Amino acid sequence: MNTQFRAVFISDVHLGTKACQAEHLLSFLNRITPPELYLVGDIIDLIEMRKRAYFNDVQQQVVKRILEMAQNGTRVVYIPGNHDAFFRQFCGQQLSGVEIMQQAIHTTADGRRFLVSHGDEFDQMVKVSPVMLAVGDKAHHLMLSLNRHINRVRRWCGRPYWSLAGYIKSHVSKAQEFISRFESAAIKTARNKKLDGYIGGHIHFARFQRQEDILYCNDGDWVEHCTALVEHESGELQLLHWSEQPVLLAREPEHSTLAATPSLAS
Ligand SMILES: [Mn+2]
């Protein structure tokens, strides 16, 4: 796989928890040296760490590798999410060569402008009931631990990584409804700002979605799906799944036709 990327976006790593797939992430980060790396929130799970911290050697190596990339010329932009909101007080500052920002605008090689944010700001617009969130949180923990066991067994059997959460999310209609409301909120925000698209995370569901003029991109997560959004030299965006066998998950929709069509923007 060609790993010469112009920009890389990862989020929802949840360092500090058992669920974090740090080994896969470290193997990915060791393979790339992009000019720009965006850490799109929930990188460290400070909320979970307050209850129970788990920070193993591989997770420490992930942090070390990111700081090393920042030192070696990669522009590292860190946009804190709701699980690492503590770092929002440092927005506008640099820590160890890492730029901390509330949100960013990323311009692709083909001149498109994307709003980059974690995405928890849309929770209000998506209007999920607090009861559903609380139940969801418990169910989510259960699912993460099930997911770990399933993948341990799969590893023994020599099978590649598989996401239980991804399977459930794409098959349960309540989850689908939530995802599509979230996507619409993000798309509306990008449109209001007269941008070409939105890049975010938060809902742990990697996907491209085009609504008319706006391209929505979700870079997924590194607890269930091990996914990254990457921009190639041409400006084309792709979603990758990175585990024992890295695969291209999705190409952005209609990129080739867009590139060939003169811009209609006024
Ligand atoms: Mn989040």
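Which residues of α3 are buried? In this predicted model, the buried residues of the helix are Gln-59, Val-62, Ile-66, Met-69 and Ala-70. Because they cover an arc of only 105° around the axis, they lie on the same side of α3. On the other side of the helix, Asp-57, Lys-64 and Gln-71 are exposed.

## Overall architecture and confidence

The protein chain contains eight helices and 13 strands. Of its 266 residues, 36% count as buried. Among contacts between residues at least 6 apart in sequence, 67% join residues at least 24 apart. The average pLDDT of the chain is 89, and 89% of the residues score at least 70. Over residues 256–266, however, the pLDDT is below 50, and this stretch has one contact in the model beyond near neighbours in sequence.

## Helices α3 and α1

The 15 residues of α3 should span 21 Å at 1.5 Å a residue, and the end C-alpha atoms are 21 Å apart, so the two values agree. The buried residues of α3 pack against α1, β2, β3 and β5 (98–100). Just after the helix, Gly-73 takes a positive phi of about 105°.

Helix α1 comprises residues 22–31, and its residues Ala-22, Leu-25, Phe-28 and Leu-29 are buried. These residues cover an arc of only 125° around the axis, which means that they are on the same side of α1. The partners against which the buried residues of α1 pack are α3 (57–71) and β11 (227–232).

## The eight-stranded sheet

Eight strands form an open sheet of mixed pairing, in the order β4-β5-β3-β2-β1-β11-β12-β13. Its edge strands are β4 (94–95) and β13 (247–251), each of which pairs on one side only.

Within this order, β2 (residues 36–39) and β3 (residues 75–78) run parallel and are joined by four bridges. Glu-36 has Arg-75 in β3 as its bridge partner. Strands β12 and β13 also pair over four bridges, but in the antiparallel sense. They form a hairpin with five residues between them.

Strand β6 (residues 104–107) pairs with strand β7 (residues 113–116) in the antiparallel sense, and Thr-107 stands opposite Arg-113. These two strands form a hairpin with five residues between them, and Gly-111 in the turn has a positive phi of about 80°. Strand β7 also pairs with β8 (residues 197–200), here in the parallel sense; Val-116 stands opposite Ile-199 in β8.

| Strand pair | Sense | Bridges |
|---|---|---|
| β2 and β3 | parallel | four |
| β6 and β7 | antiparallel | four |
| β7 and β8 | parallel | three |
| β12 and β13 | antiparallel | four |

## Leu-239 in strand β12

Leu-239 belongs to strand β12 (residues 237–241). Is this residue buried or exposed? Leu-239 counts as buried because it has 23 C-beta neighbours inside 10 Å, where 20 or more are required. Its bridge partner in β13 is Ala-250. Ala-250 is also one of the residues that Leu-239 touches, together with Ala-206, Phe-208, Thr-227, Leu-229 and Leu-249, when residues up to four places away in sequence are not counted. The C-alpha atoms of Leu-239 and Arg-251 are separated by 6.5 Å, although the two residues are twelve residues apart along the chain.

In soluble globular proteins, nonpolar side chains tend to be buried together. In the present model, the largest nonpolar core has 56 residues, and those with the most contacts inside it are Phe-9, Tyr-38, Leu-39, Val-76, Tyr-198 and Ala-228. Strand β1 (residues 5–10) supplies five residues, the largest share of this core.

Leaving aside neighbours within four places in sequence, Val-76 is in contact with Leu-37, Leu-39, Ile-66, Met-69, Ala-70, Gly-97, Val-98 and Glu-99. Among these partners, Ile-66, Met-69 and Ala-70 are also buried residues of α3.

Terms used: Residues are numbered from 1 along each chain as its sequence is written. A nonpolar core is a set of buried Ala, Val, Leu, Ile, Met, Phe, Trp, Tyr and Cys residues joined through C-beta atoms within 7 Å. A residue is buried if 20 or more other C-beta atoms lie within 10 Å of its own, exposed if 12 or fewer, and partly exposed in between; C-beta atoms are placed from the backbone. Two residues are in contact if their C-beta atoms, placed from the backbone, lie within 7 Å. The arc is that of the directions from the helix axis to the C-beta atoms. Two strands pair if DSSP finds at least two bridges between them. pLDDT is the predictor's confidence in each residue, from 0 to 100. The expected span of a helix is 1.5 Å times one less than its number of residues.
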